[in-house]
Amino acid sequence: MKELLANLTGVYGPSGKEDSIRSAIEKEIKDHVDEIRTDTMGNLIAVKKSTLSGDKPPVRVMTAAHMDQIGLIITNIDENGFLRFSNIGGVSPFNVINRRVVFENGITGTVSYETELENMKDLKLNKMYIDIGAANREEAEKQVSIGDAAVYYAPMAAAGNRYFGCAMDDRAGCAVLVQAIKTIKDSPNELIFVFTVQEEVGLRGAKTSAYSVNPAMAISLDVTLTGDTPKSRPMAVRLGAGPAVKIKDSSLICHPRVKNLMIDRAEEAGIPYQLEVLEAGGTDSGSIHLSREGVPSGVISIPCRYIHSAREMVDKNDLENAVKLLNSILENEIVL
Amino acid sequence: MVEVLKRLTEARGVAGNEDEVREIILELAAQTGAEVSVDRMGNVIARKPGLKTGKKVMLAAHMDEVGFIISYITDSGMLKFHTVGGIDQRLLLSKRVRIGKKGIPGVMGVKAIHLQEKDERNKVIDQKQMVIDIGVHSKEEAQKLVELGDYACFDSNLVVFGDNKVKAKALDDRVGCAVLLELLKDTYDFDLIACFTVQEEIGSRGGEVAAWHLKPDMGIVLEGTACADIPDVPEHMHITKMGRGPAISYMDRSSIADPELFRQMVKTAREHSIPYQLKENIAGGNDAGVIHKSRSGVPTVVVSVPCRYIHSPSSMMDLNDFNNTIRLMKEFLKGCESR
């Protein structure tokens with residue numbers, strides 16, 4: 001898991017530019033699935049067929065994790081070669097100050113801000129820039145163009161069972177999904193695994209893939225906040241206490257039958273879990289549950305500290321238990 | 001061409017009340033030989049069947065504009081109102097409007113400077129404190145002219161001035177409508193479906209429905225977009241620059257351009273030496289937000305004409321940008337045939 005996560009978090013893939021991360025995931029899973037395709041928006045869709053034979057159609061379950069990560073997109077290059085940028089997804093100015101960032105072509109830069117600013121509270125992204133070491137506009141334009149995007153340059157590090165790195169949101173979910181695909185036993189259900197695009201900019205890939213997949217039930221895997229750091233906002237999710245079964249966030253109220261199914265399976269298999277209510281934030285199931293006539297949907301969340309920073313932190317046991325929980329749900333017959 | 005722009009921009013068409021502009025578009029679209037229809041939401045669909053393939057290319061421009069809706073009539077016959085779509089409160093004072101089907105004239109009033117306290121003069125006057133004065137002095141008289149729920153629209157004529165510039169209201173997005181009407185004059189290998197959408201300004205509501213029933217293979221949105229190339233705005237926040245040609249979007253707040261369509265659009269401009277610009281800031285959204293997410297996804301890109309002072313009665317555009325947008329789109333659509 002550690003190696004897989006280090007690999008996936010190190011691959012470039014801001015929303016809208018998921019080609020590299022899609023290839024990396026495709027390579028990991030292609031020998032373990034029956035079908036694999038990429039759709040119009042760039043979602044990677046893999047199928048494991050049901051073992052059921054006979055007339056009864058299998059229950060089609062969509063499991064989703066988003067491949068994209070937040071990023072910075074160049075909007076302007078000034079005469080001195082500094083790059084102005086806007087956000088792709090939720091980028092806090094404070095999280096990017098003096099951070100090293102990397103573009104798709106490997107060019108790296110440092111993010112800084114206009115120092116005439118008197119009050120740091122007034123810091124906004126439009127008062128910031130990326131310095132790629134270019135002496136002027138011409139030199140900068142040889143290396144990058146308007147519309148190019150950068151992500152954190154932050155290789156994963158481990159401290160015991162804890163992993164630090166960028167893009168745990170949601171490569172941690174992708175890693176769980178990849179691991180589940182590799183380890184899952186035969187299933188009576190038709191399993192559709194979707195690695196979605198453009199979640200960070202509005203759950204967009206999930207919307208179109210849910211339409212084409214047309215599932216009977218959906219589960220997405222994403223990170224969630226924790227309330228276990230000094231003087232943090234109250235939240236009953238702790239790192240290392242197991243995958244969290246989502247009750248609600250601002251994008252959806254999880255379907256009670258899906259939520260209960262998760263709890264039942266966790267109890268039966270003795271997998272530690274916790275319940276999650278996320279006050280702000282959403283994930284792919286927010287889009288999926290509104291697809292067509294509605295799809296009963298839930299979310300398995302991976303507790304994660306410092307979300308959207310270059311040093312997001314997850315726990316090894318949570319990841320492993322998330323794989324176990326997901327497999328126990330998907331391997332058994334689902335009655336909705 | 002300016003005549004068409006004049007008719008389109010001077011027509012009233014606040015979101016949800018697009019009848020007047022729709023009538024003009026129906027007339028002009030029919031003149032191009034397109035099959036014209038109106039869907040249940042009120043979107044105008046003008047179709048030019050393809051000569052060869054059944055591939056469907058949806059072009060979208062929204063007919064609606066920002067404006068006001070009458071919410072209350074005071075005993076003295078003054079009209080209270082709410083904004084429909086994004087309007088800067090600071091530009092409302094003393095503006096002329098036209099209200100309802102009959103286009104009753106009115107002015108936006110607030111107490112004169114003589115009556116204001118010192119600190120009041122330094123504040124933006126909230127729209128809630130303002131009224132539309134239609135020149136009557138009782139509720140009964142006002143009710144003969146206006147009903148609750150009537151729309152009010154900026155009253156502003158198109159004027160050509162300066163160096164090939166026009167001033168008008170509703171350039172966002174009647175300029176896109178004018179581009180579509182021009183493109184409808186040609187016939188292509190593929191089905192061209194020009195969609196003049198309703199209710200974009202309040203959440204791309206018409207576009208969502210249209211994309212659903214049209215099931216296009218590709219979407220191109222034509223917009224009038226913000227242009228902040230004015231003093232006091234730092235260069236990196238200009239978004240677009242007037243006179244530099246159509247703006248091609250790689251991303252806005254509602255969509256990320258399909259990478260291939262974006263590349264092809266830029267390539268087309270370069271190959272035909274048509275001036276173009278990339279939007280130099282990420283702001284605003286448009287119908288592409290709903291079109292690209294329709295059903296299982298539609299490759300979509302946005303091309304915009306830069307407009308200064310957008311969402312005001314005096315927005316401004318360079319006719320060269322308008323003409324270059326038409327040139328770019330014609331070349332792009334021709335190129336589509338070989339792709």
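**View 1. The open sheet of chain A.** In this predicted model, eight strands of chain A form an open sheet with mixed pairing, in the order β1-β2-β12-β3-β13-β16-β14-β15, where two strands pair if DSSP finds at least two bridges between them, and where strands (E, at least two residues) and helices (H or I, at least four residues) are DSSP runs numbered from the N terminus. The edge strands, each pairing on one side only, are β1 (35-38) and β15 (274-277) of chain A. From one strand to the next, the twist averages 25 degrees; angles run from 0 to 180 degrees between N-to-C directions, and axes are lines fitted to C-alpha atoms, for helices over the stretch in contact.

Residues are numbered from 1 along each chain as its sequence is written, and chains are lettered from A and ligands numbered from 1 in the order in which they are written. Because this is a predicted model, local features need pLDDT of at least 70 and side-chain atom pairs count only at pLDDT 80 or more, whereas totals for chains, interfaces and linings use all residues.

**View 2. Strands β3 and β12 of chain A, with two helices across the sheet.** Strand β3 (residues 60-66) and strand β12 (residues 190-196) of chain A pair in the parallel sense over seven bridges, and A:H66 stands opposite A:T196 in β12(A). Helix α2 (residues 19-29) of chain A lies across β1, β2 (44-48) and β12 of chain A, running at about 10 degrees to β2(A). Helix α6 (residues 204-213) of chain A lies across β2, β3, β12 and β13 (217-224) of chain A, running at about 155 degrees to β12(A).

View 3. Leaving aside neighbours within four places in sequence, B:N324 is in contact with B:G245, B:P246, B:I274 and B:P275, contact meaning that the C-beta atoms of two residues, placed from the backbone, lie within 7 Å.

**View 4. Where domains and chains touch.** An automatic or database assignment gives chain B domain 1 (2-65 + 169-336) and domain 2 (67-154), whose C-alpha centres lie 31 Å apart. In this view, 12 residues of domain 1 of chain B are in contact with 13 residues of domain 2 of chain B, while 16 residues of chain B are in contact with 21 residues of chain A.
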